[in-house]
Every structure is written in C-alpha cells, then in structure tokens.
Amino acid sequence: MTIAARSSEMNSASPIYGDIRGNWTREQALALYEAPFNDLLFQAQTIHRQHFDPNRVQLSRLLSIKTGGCPEDCGYCSQSSHHESGLKASRLMEVERVLAEARKARDAGATRYCMGAAWRSPKDRDMDAVVAMVEGVKALGMETCMTLGMLDSAQAARLAAAGLDYYNHNIDTSERYYGEIISTHSFADRLQTLANVREFGMKVCCGGIVGMGEEAIDRVDMLVTLANLPDHPESVPINMLIPIPGTPLAKAEPIDPLAFVRTIALARIMMPKSYVRLSAGRTAMTAEMQALCLFAGANSIFVGDTLLTADNPGEDHDAVLFDRLGIEAMELGGIRDVAAVDRCG
C-alpha cells in the first residue's frame, strides 16, 4: 500500500481533524489500532494538539477512603473479599483526615482529588460522610472525584447536590471478556451507573484495565463502547494491570508495551476532548514508555507514592521525568480548544 493510500484509509476511519462523534464501528477502530505505529501516533498527537497543550499534564491524587472487604469478585483487585491478597479491611476514614490529605495534595500541585471506597455500592449510613468529603475538598479549590461502586439514582442525586465534579466507574474491558474477569455484577450494571451519573449532571470518569489476558479486539471494543456513549467520558483512565499475589490474575502475562501505547493513542483519537489518564501500572513502565504514552495523547496522571493499595511513582520520580520531557503541570480546568497552542512545535 502506498503512503497516500494508507493515509486515505486512516482518514476514512477517523478524520484527522478530530471530529466529536459517537458512531464508531469496530472495523473503523480496529483499522486505527492496527495502523503503522508512526501513523497512529501522528494522528493521535495531531488531534491532541487541537484540544490541549501538548506539554501540560493534569495531576490528580487518589486516596482510598475505605480499603478492603469488597464483596465483588473482580479478578484483578486486591480489595476483594473473595481473594487471599493479605489486605485487611478498614472502616471509612474520618472526614477531617480525608480533608487533611487533600490539603497536602493541593499544596503539592494536584488539581483534582479522587476518593475511592471498596464497596459494591454506598450504604445510606455512609452518605453523610461522603457528602461532607466532597464539600470539604471543593472548598479547598480542587476538582472532586469519587469512586464508590454502583450508584442508584437517589445516591447520584445526593452526590450531584453536594457538588461532585466527576464520578469514576470503569467498564474495565469489553462486554465479551467481562464475564472472564467479574461475575458478581454485569457489564450492563456498569453502564446503568454511568447513566445515573449523567442523569444528574456529573462528569464521567470511565476507562479500563489492559493486560488481563484479553485480546486486542477487546481493547478496541472497550473504547468503542466508551466513544459511543451518549456523551464521551470527560476522563478516560487507562490502567495497566498490576498483578497482585492472591488474585486470579496474579500470573497474567504482561501486555506488550507498544500495544499499551496503541490503546492510549486510540483513546485519544476516538475521544478527542477527554482527559486520557495514564493510570495504574506506571511503576512497571520505563521513562521511554511513559513518554510515548504522553506523545500518544495521555495528559493526566496520578501523583503520590500509592494508588489505592498499589505502588505509584512518587513526586520526585515524576518531576524528573517531566523535566526531561519539558512538561509542566496543568492548571485547574486544563486547556481545551485553544487556538494559540502551537500546532507544529
């Protein structure tokens, strides 16, 4: 195939100008995913520059406000009560302790604060404390995000009234592969929670995990599902599996690093205005792999030494990488559709 023909094929799958669309087909997405690596990254970076400053990355902090003892059986998770991971269950953290940690994160440069609880869904007795956490973090001038499991409409309404900005609820993988990873709830349950979040005006943070033994088509199908939602998730975390001893996926084969980069690039092309977050698994990534992910369109990371219960590169490590790449932390709100961003430099 000539260069001109290949370019025409890629542009027919997705206009290089990054149209916002929700009618992706598996065939279109797969053609992009399997394109020559340089062509794929060129298109992803071109689209990325239309909506974001390519040299700024959003910094988020994630705190586990309630750890372990979860009744779900997600095969990747150390917090499931079904697995012998050695993690002890804890109670919900006190509000003031959460706010103290949020202040530290803000002072260290984080603009979004994410709070996660190992629940199937919140219980009514915990909602007052959760609402107080949201209100307290917002009062610190940060964006707020919660991940608490499945939400019904009433719970979503309370969180929205408290001012919650984002709700995280990952679909994890494709609908086809979902049952291989989780049996205690369905793929449709995940989508219903996302619909409840949208109903009350909150932003959606939704992505998945790769390296769980899935096939490439499952990664593609996962992103097709997200890109064809009524509205694109404003934040799309892409996690690389961290194999946890005692979980069913403890011995999963690592994903090929370039396949991971391809997944990031495809997410950027299909959801041009979304924050694409390079999430779990960064401790196993080389600096070069992370640099490729950022070039492919990732523009958000979690900072801090821990990510819920897993290790995460510390601020010093990230500062060194950012300095090497000439990247700066994004200010609150980010940069979208800014014509002044140099599209060539």
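Reader: Which residues does F260 touch, not counting residues up to four places away in sequence?

Author: F260 touches V210, I238, N239, M240, I255, L278, M285, M289 and C293. Contact here means heavy atoms within 4.5 Å. This is a predicted model: local features need pLDDT of at least 70, side-chain atom pairs count only at pLDDT 80 or more, and totals for chains, interfaces and linings use all residues. Residues are numbered from 1 along each chain as its sequence is written, and side-chain values use heavy atoms, with hydrogens and water left out.

Reader: How many residues has the largest nonpolar core?

Author: 92 residues. M146 and F260 have the most contacts inside that core. A nonpolar core is a set of buried Ala, Val, Leu, Ile, Met, Phe, Trp, Tyr and Cys residues joined through side-chain atoms within 4.5 Å. Buried means under 20% relative accessible area, exposed over 50%, partly exposed in between (1.4 Å probe, protein chains only).

Reader: Which helix gives the largest share of this core?

Author: Helix α10, residues 257-270, with 9 residues. Helices (H or I, at least four residues) and strands (E, at least two) are DSSP runs, numbered from the N terminus. There is also a second, separate core of 9 residues. Among its members are C114, C145, Y275 and M330.

Reader: Cysteines next. What does the disulfide count come to?

Author: The count is 0. A disulfide is a pair of cysteine sulfur atoms within 2.5 Å. For C206, the nearest cysteine sulfur is that of C205, 7.6 Å away.

Reader: Is C206 buried or exposed?

Author: C206 is buried, at a relative accessible area of 0%. C293 is buried too, with 0%.

Reader: Switching to D172. Where is D172 found?

Author: D172 sits in the loop between β4 (166-168) and α7 (175-181). D172 counts as buried, at 2% relative accessibility.

Reader: Which side chain makes a polar contact with the side chain of D172?

Author: That of R190, at 3.0 Å. A polar contact is a pair of N or O atoms within 3.5 Å; within protein, one must be able to donate a hydrogen and the other to accept it, and residues adjacent in sequence count only if both atoms are side-chain atoms. Leaving aside neighbours within four places in sequence, D172 is in contact with residues including Y76, Y178, G207 and M222.

Reader: Whole protein now. How many helices and strands?

Author: 12 helices and 12 strands. Of the 345 residues, 55% are buried.
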